[in-house]
Amino acid sequence: MFARVALLVLKKDFAIEVKSREILYTTLFFAVSCVLVFAFALVRDGRAIDDAAAGILWIAIAFAGTLALGRTFERERYGETLRALLLAPAPRPAIYVGKLLGIVVLLLLAETILVPLVALLFQAAFFARPWLLAGLLVAGTIGFASVGTLFAAMLVRSRTRDVMLPILLYPITVPVIIAGVRGTSALLQPVPDEPAAAMWMALLVCFDVVFVTLALWTFEPLMTE
Amino acid sequence: MDFDVITLTDVSRHFGRRRALGRVSLTARSGDIVGLLGPNGAGKSTLIGVLATLVAPTSGDVRYGSQTSRQAPPALRGRIGLLAHDLHLYPELSARQNLAFFAQLYGIDGREIVDAALASAGLADRGDDAVSGFSRGMRQRLALERALLHRPRLVLLDEPFTGLDDHAVDLVAGRLRRLAAEGAIVLLATHDLDLADGLVTRVMLMREGRIIADEAAAPGLRARYRAMIGAA
Amino acid sequence: MKKLFTPLLLIVAAMFAYAPVMIANAPYESSMGLVQKIFYFHVPSWFVMFTAVFICGIQSANFLFRRKPSADRIAVAAGELVVLFGLLGLVTGPLWGRKAWGVWWQWDARLTMALLLELIFIGYLLVRKYGGPGSEKLAAAMAIFGMANVPFVYVSVNIWRTVHPKTTVVPSLVPGMFGAFWFSVLAFMLLFVLLLTLRVRLEHQRAALDELYLAEEDL
């Protein structure tokens with residue numbers, strides 16, 4: 001029942017996105033703009049300063065992720081469909097899981113384009129240890145999206161949601177950004193520092209476990225007005 | 001699981017110093033079509049939100065048969081159908097996709113149910129068009145069918161006649177009468193006395209978060225309610 | 001609590017009046033000189049800030065799950081005090097850092113962590129103020145998540161950088177510094193309890209006033 005409803009919500013979000021492709025395109029374009037803006041700040045004499053690539057990648061993910069979260073829940077707000085979902089005879093946390101999966105898939109799709117782009121523009125050796133990098137990206141994206149989905153869902157009721165989402169989300173997800181950036185730049189060293197990357201990934205996985213659990217636990221009381 | 005009566009006892013809902021509902025008590029039975037009348041801001045929408053389990057009361061008790069809303073299990077929500085002012089439809093999806101999604105969400109399978117709902121909304125030939133291209137009246141009819149897909153026991157309608165022409169109003173009214181005859185409890189909020197007249201079996205008049213009158217509908221009451229709203 | 005209030009007020013006042021004497025009499029630290037005395041002010045602020053973070057988080061959970069309005073009043077009081085005492089720590093830290101590191105702000109682990117917690121709880125207050133109706137619940141989620149975030153911030157920031165005097169500073173204090181230090185901690189804690197009580201009482205009275213307004217409408 002739980003999994004069925006979560007998948008149903010995911011499939012529905014997918015159907016909407018396939019029709020309009022709005023969120024994927026805008027998110028991707030925004031992420032690329034972020035990369036360019038940071039390139040102007042961090043490139044000297046044709047070369048990026050050390051470690052810039054990892055930082056730029058994760059900042060672009062965080063910024064674009066906020067945009068995607070806002071747009072996804074704007075869709076559920078228009079027509080108050082979020083309330084319709086909450087009325088369904090299903091465990092309410094299943095709705096959260098469905099929305100979370102949608103955001104994670106969307107961001108991972110955007111990352112498959114973003115990562116090669118950053119690698120190309122900054123001569124970053126992202127593909128020296130592809131599996132470790134993929135692990136960091138997946139764990140980091142889930143961590144960011146787990147908090148983001150809950151906050152965006154609860155802010156649907158609030159008039160000031162556009163400004164409140166980043167205000168609430170960024171301070172809480174700083175550990176994700178630190179772990180993502182440090183883990184990624186450990187992989188970018190001339191000799192990739194695998195133990196360091198694995199350690200950061202472990203931290204990200206712990207973060208995911210704790211915050212997904214917390215979100216599942218608080219979703220129902222948060223969504224009743 | 002099915003209930004024949006809903007009972008509200010002293011239900012209040014405050015937002016800080018603003019009172020949306022003040023000690024509302026009401027009972028509605030299977031077969032009733034209750035008209036919730038009152039001006040904008042009288043608390044009709046909040047009351048419907050409370051009945052739909054989406055708004056938690058600050059104090060008071062809401063019962064569906066023998067169950068209270070606080071322990072509201074998912075199965076109880078499955079017996080409630082809500083048509084809110086915002087229509088609970090995804091404009092990017094087609095009418096059929098919208099209905100199919102909600103049917104699956106309620107665990108109902110089958111094209112026939114979706115087809116029947118489309119026909120009943122008068123949209124059989126436009127089922128595959130995106131809802132964003134529909135007029136307000138078409139959306140309203142579709143939203144009503146969406147809310148009734150799972151044959152709810154408690155039907156909550158917020159301004160169901162918005163954007164409907166006379167013919168559609170008659171169709172919807174007939175639909176609601178049939179539902180009530182089959183045992184549903186129908187509660188509809190409206191500020192339009194003319195449309196409610198002749199359809200509802202009971203009338204509750206709300207003002208400033210309170211029910212100020214609750215009686216069986218009878219012809220000729222309209223003028224009296226006008227006077228009450230004006231005078232109160 | 002009401003009866004204890006006046007004695008508590010007197011004790012805190014007396015402790016804060018006497019604290020400078022104790023701090024002045026504590027041994028003079030040779031390498032940092034006079035600036036080291038900030039320590040008696042700086043560290044107790046952190047102690048209080050963390051206590052307040054946990055009170056705010058736990059009471060928010062209490063409010064969210066048990067729907068106790070009184071828990072929300074304690075949470076908001078504690079949330080404001082997190083920001084207040086965090087600010088004290090954030091002001092005194094750089095004062096010390098200027099002497100120790102030669103710069104006002106060093107991306108030091110503990111200072112960064114405090115800055116993050118400060119931001120989280122400013123967010124908590126902002127969402128309460130500007131979030132519209134029902135924002136207490138949204139803020140409660142922020143407080144719970146903020147509290148759960150403490151270990152993650154701690155670990156990540158710590159591995160990221162450390163230039164701060166180690167926590168072992170406390171046990172390695174010269175015996176003469178101990179008395180003044182724990183005296184300061186106690187004074188800060190009592191001040192915290194005092195402010196918290198005061199603020200919770202204000203919230204209680206606000207709630208009572210709201211009820212009176214609603215009751216008056218009922219007449």
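Here is a quick tour by chain and contact.

Me: First off, what kind of model is this?

Reply: It is a predicted model.

Me: OK. Start with chain C. How many helices and strands does chain C have?

Reply: Chain C has 6 helices and 0 strands. Along the sequence the pattern reads α-α-α-α-α-α.

Me: What share of chain C is buried?

Reply: Of the 219 residues in chain C, 49% are buried.

Me: And which contacts in chain C join residues at least 24 apart?

Reply: Take the contacts between residues at least 6 apart in sequence. In chain C, 78% of those join residues at least 24 apart.

Me: Now the chain C and chain A contact. How many residues does each chain give?

Reply: Chain C gives 27 residues and chain A gives 33. The two chains bury about 2600 Å² between them. Carbon and sulfur atoms carry 83% of that area.

Me: What about chain A with chain B? How much area is buried there?

Reply: About 2600 Å² is buried between chain A and chain B. Here carbon and sulfur atoms give 63%. The contact involves 29 residues of chain A and 29 residues of chain B. In chain A, the residues that lose the most area to chain B are A:L87, A:P89 and A:E225. They make up 25% of what that side buries.

Me: Staying in chain A, how do α3 and α6 pack?

Reply: Helix α3 of chain A covers residues 52–77, and helix α6 of chain A covers residues 130–155. They pack at an angle of about 35°, with their axes 10 Å apart. The crossing of α3(A) past α6(A) is right-handed.

Me: Which residues meet there?

Reply: From α3(A), the list includes A:L57, A:W58, A:I61 and A:F73. From α6(A), it includes A:L136, A:L137, A:G140 and A:F144. By class, the contact of α3(A) with α6(A) has 11 nonpolar, 5 polar and no charged residues.

Me: Switching to chain B. What's in the sheet with 4 strands?

Reply: The order is β2-β1-β4-β5 in chain B. The sheet is open and the pairing is antiparallel.

Me: Why is one side of β2 and of β5 left without a neighbour?

Reply: β2 and β5 of chain B stand at the edges, each with a single partner strand, so one side of each has no neighbour in the sheet.

Me: How do β1 and β2 pair?

Reply: β1(B) and β2(B) are antiparallel, with 8 bridges. B:F15 stands opposite B:R18 in β2(B). Their hairpin has 2 residues between the strands, and B:G16 there takes a positive phi near 60°.

Me: And β4 with β5?

Reply: Strand β4 (residues 59–64) of chain B pairs with β5(B) in the antiparallel sense over 2 bridges. B:R63 has B:T68 as its bridge partner in β5(B).

Me: What order do the strands take in the sheet with 6 strands?

Reply: In chain B the order is β6-β7-β8-β3-β9-β10. That sheet is open too, with mixed pairing. Its edge strands are β6 and β10 of chain B, and each pairs on one side only. The twist averages 15° from one strand to the next.

Me: How do β6, β7 and β8 line up?

Reply: β6(B) and β7(B) run parallel over 4 bridges. B:G81 has B:V155 as its bridge partner in β7(B). β7(B) and β8(B) are also parallel, with 5 bridges. There B:D158 stands opposite B:A189.

Me: Are the faces of β6 in chain B covered or open?

Reply: Both faces of β6(B) are covered. B:I80 and B:L82 lie on one side, with B:G81 and B:L83 on the other, and all are buried.

Me: Last thing. Which residues other than glycine have a positive phi?

Reply: B:H88 is one of them, with phi near 60°. B:H88 sits in the loop between β6 and α3 of chain B. B:H88 is buried, with a relative accessible area of 0%. B:E208 has a positive phi of about 50°. B:E208 is in the loop between β9 and β10 of chain B.

Technical notes. Residues are numbered from 1 along each chain as its sequence is written. Chains are lettered from A and ligands numbered from 1 in the order in which they are written. This is a predicted model: local features need pLDDT of at least 70, side-chain atom pairs count only at pLDDT 80 or more; totals for chains, interfaces and linings use all residues. Side-chain values use heavy atoms; hydrogens and water are left out. Axes are lines fitted to C-alpha atoms, for helices over the stretch in contact, and angles run from 0 to 180 degrees between N-to-C directions. A crossing is left-handed if the near helix is turned anticlockwise from the far one by less than a right angle, and right-handed if clockwise. Contact means heavy atoms within 4.5 Å. Ala, Val, Leu, Ile, Met, Phe, Trp, Tyr, Cys and Pro count as nonpolar, Asp, Glu, Lys and Arg as charged, and the others, Gly among them, as polar. Buried means under 20% relative accessible area, exposed over 50%, partly exposed in between (1.4 Å probe, protein chains only). Two strands pair if DSSP finds at least two bridges between them. Buried area is the accessible area (1.4 Å probe) that two parts lose on being put together, summed over both.
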